[in-house]
Amino acid sequence: MAFTFFFRDQQVLERVVEHLLPVLSGRSHPRVWDAGVAMGQEPYTLSIMFAERMGHFAFKNLRIDATDVESSGQFARMIETAEYPKDELERVPGGIVEKYFEPADKPGYLRVIDTIRRPVAYQRHDLLSFQEIGQGYSLVLCKNVLLHFLPPERIEVLRMFHRALAPGGLLRH
Ligand SMILES: C[S@@+](CC[C@H](N)C(=O)[O-])C[C@H]1O[C@@H](n2cnc3c(N)ncnc32)[C@H](O)[C@@H]1O
């Protein structure tokens with residue numbers, strides 16, 4: 001199982017979100033690509049951070065494309081159900097769990113509420129295909145992934161991200 005958790009690199013993600021707010025408010029359908037998301041904690045963290053800071057209308061139009069190379073479908077199912085063990089959420093900042101999670105059917109688990117799940121769309125994607133999943137992204141986020149690649153692969157992946165970004169968009173890796 002890949003290593004990730006809710007609100008990992010919280011300060012970095014908050015700075016990214018703050019930086020993007022004026023950019024996103026000028027777009028009718030703001031899009032974010034979060035690449036290498038593992039079990040989904042990172043795109044749901046982003047969704048929570050945007051929900052906390054964006055107006056209702058702008059948040060309604062936000063889409064976060066979450067991708068990972070994992071091929072068994074396990075990550076896809078976890079992101080789809082959005083259920084996470086309660087003890088994993090202990091480090092989440094105060095008030096967030098009460099506001100954005102609800103009891104899941106599975107004992108000991110909490111589910112991300114629909115408002116936060118709705119913007120997040122998962123698809124399987126291999127970054128080493130060097131084929132972007134789309135264009136016009138205001139943000140491409142790819143954290144703790146590139147270190148697994150060889151230097152020439154990193155260069156091609158960064159070129160791909162550049163093609164995927166909208167003018168003035170932000171890449172954070
Ligand atoms: C350590 S996790 C990072 C999760 C999250 N971004 C974070 O920072 O917490 C690394 C993820 O990169 C994914 N990954 C590795 N090689 C990849 C590739 N070629 N294309 C897409 N994802 C890849 C792994 O499946 C894993 O889920």
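1. Start at Ile79: setting aside neighbours within four places in sequence, Ile79 is in contact with Met39, Gly40, Ala66, Val120 and Tyr122 (contact means C-beta atoms, placed from the backbone, within 7 Å).

2. A word on the model: it is predicted, with local features needing pLDDT of at least 70 and side-chain atom pairs counting only at pLDDT 80 or more, while totals for chains, interfaces and linings use all residues. Residues are numbered from 1 along each chain as its sequence is written.

3. Ile79 turns up again in the largest nonpolar core, which has 35 residues; Ile79, Val32 and Val140 have the most contacts inside it. Such a core is a set of buried Ala, Val, Leu, Ile, Met, Phe, Trp, Tyr and Cys residues joined through C-beta atoms within 7 Å, and buried means 20 or more other C-beta atoms within 10 Å of a residue's own.

4. Now the sheet. It is open, with 5 strands in the order 6-2-1-7-8 and parallel pairing (strands are DSSP E runs of at least two residues, numbered from the N terminus; a pair needs at least two bridges found by DSSP). Strand 6 (120-124) and strand 8 (165-172) are the edges: each has a single partner strand, so one side of each has no neighbour in the sheet.

5. Tyr137 has Leu165 in strand 8 as its bridge partner.

Conventions:
A residue is buried if 20 or more other C-beta atoms lie within 10 Å of its own, exposed if 12 or fewer, and partly exposed in between; C-beta atoms are placed from the backbone. Two residues are in contact if their C-beta atoms, placed from the backbone, lie within 7 Å. Helices (H or I, at least four residues) and strands (E, at least two) are DSSP runs, numbered from the N terminus.
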